[in-house]
Amino acid sequence: MVQLKKVLIILALLLLTVFIISIGVGSVFIPPLRVLKALLSLIGISFGPANDMDLTIVGQIRLPRIIIAMIVGMSLSIAGALVQGLYRNPMADPGIIGTSSGASFGAIVCIAFSLNTINIFYLPLFAFAGAFLISFLVYRLSTKNNKTPITSLILIGIAVSTFVSSINSLILSNINQYQVSEYIFWMLGSLDGRSWVHVKISFVPLCILILCSLLFAKRINILILGEEESFTIGVNPEKLKKTLLFLVSLITGIAVSVSGPISFVGLIVPHMLRLIVGNDYRRLIPASVLSGGIFLIVCDTIARVLFSPVEVKVGVITSLVGVPYFLYLLKKSENEVSV
């Protein structure tokens, strides 16, 4: 098995490299050294006068967007890893079990009643409430005799998500054009127009929640052994499930509130990392955090430059990567069952 320390160092350096390069990429290209100089100037470390245009582009336009891409990628990736541990299945994802659609439902309700114009914190609050409500509903409908079959979970998650989408459509038909634009933002998942306000809303809470998630790694390893074994070792599986469900809903709700429902990040990143660091959550969770940030920054950069000057929504890019990978996993799972 690859040493975790080496993997984390490589991922951290890769994240830093991608972070700097992506800031420089755009309609006005800024070389990496000038990006680094502008970043250092913004935090008060100066190596000579920085270009004013570089400072404006980096500090006011691109930096907040890249920070949001990084923290949302980290959050969705770790939420996916937690859900996969919760349901002991590497194909689980917050989007598949309805968490993302629930967050979008909460957000569109907030938008429909114009509550987001009263206080900027209402939107993440409603997104979290919707994510938790729908996740809990899917969990309860999928659970019978204290058992939660993964097939039931996925099918009920899809059904509930479809139902929520129908409700969103009903709301959509009764709101004004501006609110419809807000709704489209939620449906597609996008990072364009992200500003320091969005960083202020999401960065610190998500960092705290990501650190909290690391505390559950050992107990998730025990949960994967089976519920009876968990009881024997001293871990209450039902209590742990509810705690993880609450944590995933909170992480996803806040992340989606500033980015819209970006699909498949939570499925692809942790699943690929299992091939490198294995299934031990003490290794998987920190590796997922760094890799999720890298993945979404790269996808967002592609979305910005693929058809420049027109931007593609980043959710479209992650879906183009995620859907074929999900179908591959399904096919692989079917072949393993048939053998």
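Trainee: Which residues are buried in helix 2?
Mentor: Val35, Ala38 and Leu39 are buried in helix 2, residues 32-42. Buried means under 20% relative accessible area, exposed is over 50%, and partly exposed is in between (1.4 Å probe, protein chains only). Helices are DSSP runs of H or I, at least four residues, numbered from the N terminus. Those three cover an arc of only 100° around the axis, so they sit on the same side of helix 2. The arc is taken from the directions from the helix axis to the C-beta atoms.

Trainee: What do they pack against?
Mentor: Helix 1 (4-24) and helix 3 (52-86). Contact means heavy atoms within 4.5 Å.

Trainee: And what follows helix 2?
Mentor: Gly44, with a positive phi near 90°.

Trainee: Before we go on, what are the ground rules here?
Mentor: This is a predicted model: local features need pLDDT of at least 70, side-chain atom pairs count only at pLDDT 80 or more, and totals for chains, interfaces and linings use all residues. Residues are numbered from 1 along each chain as its sequence is written, and side-chain values use heavy atoms, with hydrogens and water left out.

Trainee: OK, helix 9. Which residues are buried there?
Mentor: In helix 9, residues 217-224, they are Ala217, Ile220, Asn221, Ile222 and Leu223. They pack against helix 3, helix 8, helix 10 (227-233), helix 11 and helix 13 (281-305). Gly226 follows helix 9, and its phi is positive, near 130°.

Trainee: How far is Leu223 from Tyr87?
Mentor: C-alpha to C-alpha, 9.3 Å in space. In sequence they are 136 residues apart.

Trainee: Where does Tyr87 lie?
Mentor: In the loop between helix 3 and helix 4. Tyr87 has a relative accessible area of 9%, so it counts as buried.

Trainee: Switching to serines. Is Ser202 buried or exposed?
Mentor: Buried, because its relative accessibility is 0%. Ser202 is in helix 8, residues 196-214.

Trainee: What is Ser202 in contact with?
Mentor: Leaving aside neighbours within four places in sequence, Ser202 is in contact with Ile68, Ile71, Ile254 and Val258.

Trainee: And where is Ser104?
Mentor: In helix 4. Ser104 is buried too, at 6% relative accessible area. Ser104 and Ala127 are 6.2 Å apart C-alpha to C-alpha, and 23 residues apart in sequence.

Trainee: What about the phi of Ser114?
Mentor: Positive, about 60°, although Ser114 is not a glycine. Most residues other than glycine have a negative phi. Ser114 is in the loop between helix 4 (99-112) and helix 5 (122-142). Its relative accessible area is 31%, so Ser114 is partly exposed.

Trainee: Now aromatics. How many pairs?
Mentor: Two aromatic pairs. Rings of Phe, Tyr and Trp (its six-membered ring) pair if their centres lie within 6.5 Å; planes under 30 degrees apart count as stacked, over 60 as edge-to-face and the rest as tilted. Phe132 and Phe136 are stacked, at 6.1 Å centre to centre with 15° between the planes.

Trainee: Why are those two about one helical turn apart?
Mentor: Because Phe132 and Phe136 are four residues apart in helix 5. An α-helix has 3.6 residues a turn, so residues three or four places apart point the same way.

Trainee: And the angle between Phe132 and Phe246?
Mentor: Their planes are at 75° and their centres 5.8 Å apart, so that pair is edge-to-face. The pair links distant parts of the chain: Phe132 is in helix 5, Phe246 in helix 11 (residues 237-259), 114 residues apart.

Trainee: What do the three make?
Mentor: Phe132, Phe136 and Phe246 form one aromatic cluster. Phe132 is partly exposed at 28%, Phe136 at 36% and Phe246 at 42%.

Trainee: Last topic. How many cavities of 30 Å³ or more?
Mentor: Two. On a 1 Å grid over the protein atoms alone, a cavity is a set of points where a 1.4 Å probe fits but cannot get out; lining residues have an atom within 4 Å of a point. Grid points are joined across faces, edges and corners, and a volume is the space filled by probe spheres set on the points.

Trainee: What lines the second largest cavity?
Mentor: Arg65, Ser190, Leu191, Asp192, Asp300, Glu311, Val312, Lys313 and Val314. The second largest cavity holds about 40 Å³ of space.

Definitions and conventions:
1 Å grid on protein atoms, 1.4 Å probe; cavity = no way out; pocket = protein on both sides within 12 Å on 5 of 7 lines; lining within 4 Å.
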